[in-house]
Amino acid sequence: MPISLKKISLYTLLIAVIACNSNKKDKPEEIKEVDKKVSTSAENLLHNIKLISQKGFAIGHQDATSYGLGWNYRNDTLQIKSDIQTVVNDFPAVFGFDIGHLELGNTHNLDSVSFNHMRTLMLDAYKKGGIITVSWHLDNPTSGGDSWDKTPAVSDIISGGKHHEKYKEWVARVADFFKSVTVDKEPIPIVFRPFHEMNGGWFWWGEGNCSAEDYKTLWKETVNLLRNEHKLDNLLYAYSPNKLNPNDDYLKYYPGDEYVDMLGIDIYDFDNADDYIKSLKHDLAIVKQIATEKQMPYAFTETGNETLNTPNWFTEVLYPNIKDTGIAWVLFWRNHSDTHHYMTFKEHSSEADFKIFYDLPQTLFLHNTNTIINPQQ
Ligand code: BMA
């Protein structure tokens, strides 16, 4: 149910949620006074994300149930599985999806996942207590190229731009999809993470291809369209730059607290563990500091070591450097092929290491988090 969260009622609500939906050990943290309109389930999700971060960090995987090494639903019938499950007989707790090409009205996303399947997989994950997070590799609205086509486009799609109306139609298609993912007629809560890695120069919405001011305008207008015009109150918004370069200001593109619910960062290990660890330590500390000031949860929104060539990468490179950082989750990128995968799978050389990772105290899989996240509340 949509509610307007006033200060007093928010506090009352959260106390009620904590009382009936959390581990007894947890203490309510200081409640931020907010006046954003979100659904009760989205408010619960935000709260539960904070609870998770107090216990450890949830394990996320992009397209975890959409396909994996040696299987997909183009030929197979829909049957819920994931590469993680083949190794540890459990699911990730955070399920990443990408809605690129939804804006075009296509039936499948840019990675050939059918949006009908995606809806089913989102609902299945949510009902099991999983967290759904969505990125958006949308096409370039000016050139018609893909997300990586750097033709300047942001100024064309904000108010006053020549493609503003077209962009509004794109957002309307996104809204229609989010509205269609429902339980008891209510759209399920989703962490939406649009226009990510903007401080990198590879996307048309990124550094060098648009101004920071135009980027912020695009973000705000997108949120306003979803919230106000399309009346979507089930979305939480995550802001996630890429690994910080030496002179990067994490907040350069930040659109403001009214438009963001949680913070994140994407950092990959390009077969250089020392460099990766340096970034993890430096960047996660910055995200933590800013998030703490803003009283927002934060996550390691994308990571991975492509093909997992580094021995014991999960337990020796990643875990020691993300434990105790306060992240709510770490999301590994997709398992697409022999040469493009970031998660273990049956008979991969990382299997034994991942089993140890699974048992470490702070790694939370679905069976751990589903006692915290209860969508029925
Ligand atoms: C990128 C790559 C691409 C993919 C895109 C969206 O990082 O994995 O192959 O199309 O993400 O999922």
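In which pocket does the ligand sit?

Reply: Happy to! This is a predicted model, where local features need pLDDT of at least 70 and side-chain atom pairs count only at pLDDT 80 or more, while totals for chains, interfaces and linings use all residues. Residues are numbered from 1 along each chain as its sequence is written, and side-chain values use heavy atoms, with hydrogens and water left out.

The ligand sits in the largest pocket (more than half of its atoms lie within 2 Å of the pocket's grid points). A pocket here is an open set of points on a 1 Å grid over the protein atoms alone, where a 1.4 Å probe fits, with protein on both sides within 12 Å along at least five of seven lines; lining residues have an atom within 4 Å of a point. Its volume is about 380 Å³, taken as the space filled by probe spheres set on the points. Of the 21 lining residues, Trp148, Glu197, Tyr268, Glu302 and Trp333 are the closest to the centre. Strand 12 (residues 262-268) gives the largest share of the lining, three residues; strands are DSSP runs (E, at least two residues), numbered from the N terminus.

Around the ligand itself are Leu110, Asp111, His137, Trp148, Trp333, Arg334 and His340, each with a heavy atom within 4 Å of it. Oxygen atoms of the ligand make polar contacts (N or O pairs within 3.5 Å) with side chains of this shell: Asp111 at 2.6 Å, Arg334 at 2.8 Å and Trp333 at 3.0 Å. The protein covers 77% of the 310 Å² of accessible area that the ligand has on its own, by the Shrake-Rupley method with a 1.4 Å probe.

Terms used. A polar contact is a pair of N or O atoms within 3.5 Å; within protein, one must be able to donate a hydrogen and the other to accept it, and residues adjacent in sequence count only if both atoms are side-chain atoms. Helices (H or I, at least four residues) and strands (E, at least two) are DSSP runs, numbered from the N terminus.
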